[in-house]
Amino acid sequence: MSRLLTSGSSAISFGTLLSSLSTRQMAAAHEVISVLDGHVVDEPLTDKQIKRTSALTLTQHIVAECGASELQLALLFNNIQNGCKVIAHSIQEAGIAGTLGMAGGQNFTGDEVKKLDIISNEIFVHSLKSSGVCSVLVSEENDEPILVKESMSGPYCVAFDPLDGSSNIDCNVSVGTIFAVYKRRTTEGVGEVADILRPGTDIIAAGYAMYGGACELVITWGNGVRRYALDPAIGEFILLGNVEFPKDGGKKIYSCNEGNSLYWDDAIKQYTSLVKDQGYTARYVGSMVADIHRTLLYGGIFYYPADKKSKKGKLRVLYEGFPMAMITEQAGGVASTGMFEGKIQRVLDVVPDNIHARCPIIMGCKRDVEALLALYSK
């Protein structure tokens, strides 16, 4: 495709000619015939080009999923995907741009703040605000909710972790962005905290982006889970297919921070010992996005339970627990808190008492999560 067509002093690449064609024209044609000053060049499209031009993009899928009656939701997800693209680029160039490392100090929850935490948060906040359809935003990096001014607000509220797993970013380990979308309850004026401080059962959509060897987006609108990969050649997220847990539970993998095992309750300790005896493999990245992504695709279980140090768990409900629980359930898995506040609960049924509330997390295939939960009744 690097051959040039020439006419007099002008020169144009065949790739440039291809780019002038519409997607429909390119997808329909196995061969493109270009005519320039009487010279005809017949050059077939490669299989890769045909696949790219006929693939369903996230933008197309958003329109199909949301429908004409949900134009505002389509606008929201278009801005979400754009924000993820910008964050992905910022991560890729971080070493060269000098944006790795600490920003200095801690955030209000006590986590050390990286430069990319700040950058990613600013990107995502700006992307959501500029959509014109958000009224309330909750970010892990902001102590208080962001209430969008009335002239720029809309019917949706979004809770998000702009850069999950950022403690791993300096060693080039996969990190991600997690988000959950609510429909606003109030209808007039500036949005309120009550619009988003609600159980996970009220979420209408959730997803995460993973920035690793490839940039991927995983999204649910409540009717299954879709997986997309960013094609850097065309700058579009391409649909890879649906995500479902393997019917048999998949690979025997357990994922947890065993450094906390001294503080776990007896059921968690017993389960971990049991799966070791059964030949399970331990896999733990330390980025929730990466660990959940692997669990969705391969099977097994991920857990970050409450313990003697963190009686309410460590992971945040609104922008970690809820969106990942919705995705897990939509993929055919189970998302539980384990024993929490005196009873075993479904994660999505938790009622948060503040925007940064925490809860324990046990997520994965039915085979493994149900086996763990059964130990609480013994």
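The following legends describe close-up views of a predicted model of a single chain.

**Figure 1. Overview of the predicted chain.** The secondary structure of the chain comprises 11 helices and 20 strands. Of its 378 residues, 51% are buried. Among contacts with a separation of 6 or more, 63% are made by residues 24 or more positions apart.

**Figure 2. The hairpin of strands β13 and β14.** Strand β13 spans residues 225–231 and strand β14 spans residues 236–242; the two run antiparallel and are joined by six bridges. Four residues lie between the two strands, and G235 in the turn adopts a positive phi of about 70°.

**Figure 3. The open six-stranded sheet.** The strand order is β16-β15-β17-β20-β18-β19, and the pairing is mixed. The edge positions are taken by β16 (281–282) and β19 (343–346); each has a single partner strand, so one side of each is left without a neighbour in the sheet. Strands β15 (residues 253–255) and β17 (residues 301–304) run parallel and are joined by two bridges. In this pair, S255 stands opposite F302 in β17.

**Figure 4. Helices packed on the sheet.** Helix α8 (residues 266–277) packs on the sheet through contacts with β15, β17 and β20 (361–364), and its direction makes about 150° with that of β17. Helix α10 also packs on the sheet, where it touches β18 (334–340), β19 and β20. The direction of α10 makes about 25° with that of β20.

**Figure 5. The α9 and α10 helix pair.** The axes of helix α9 (residues 288–298) and α10 come within 11 Å and cross at roughly 10°. Angles under 35 degrees count as roughly parallel, and α9 and α10 are therefore roughly parallel to each other. On the α9 side of the contact are M288, V289, I292 and L296, which meet E320, M324, I327 and T328 in α10. Nine of the 11 residues of α9 are buried, so this helix is largely enclosed by the rest of the structure. Just after α9, G299 takes a positive phi of about 100°.

**Figure 6. The largest nonpolar core and the surroundings of F322.** This core contains 44 residues, of which M288, F322 and M324 touch the most other members. Helix α10 (residues 317–330) makes the greatest contribution to the core, with eight residues. Leaving aside residues up to four places away in sequence, F322 touches Y182, R198, P199, G200, I203, V317, V347, L348, V350 and P352. A second, separate core has 40 residues, among them L58, I87, C134 and I146. In soluble globular proteins, nonpolar side chains tend to be buried together.

Figure 7. A polar atom of the S139 side chain lies 3.1 Å from the backbone nitrogen of E141. Leaving aside residues up to four places away in sequence, S139 touches N121, F160, P162, Y319 and H356.

Technical notes
Residues are numbered from 1 along each chain as its sequence is written. This is a predicted model: local features need pLDDT of at least 70, side-chain atom pairs count only at pLDDT 80 or more; totals for chains, interfaces and linings use all residues. Side-chain values use heavy atoms; hydrogens and water are left out. Two strands pair if DSSP finds at least two bridges between them. A nonpolar core is a set of buried Ala, Val, Leu, Ile, Met, Phe, Trp, Tyr and Cys residues joined through side-chain atoms within 4.5 Å. Buried means under 20% relative accessible area, exposed over 50%, partly exposed in between (1.4 Å probe, protein chains only). Contact means heavy atoms within 4.5 Å. A polar contact is a pair of N or O atoms within 3.5 Å; within protein, one must be able to donate a hydrogen and the other to accept it, and residues adjacent in sequence count only if both atoms are side-chain atoms. Axes are lines fitted to C-alpha atoms, for helices over the stretch in contact, and angles run from 0 to 180 degrees between N-to-C directions. Angles under 35 degrees count as roughly parallel, over 145 as roughly antiparallel, 65 to 115 as roughly perpendicular and the rest as oblique.
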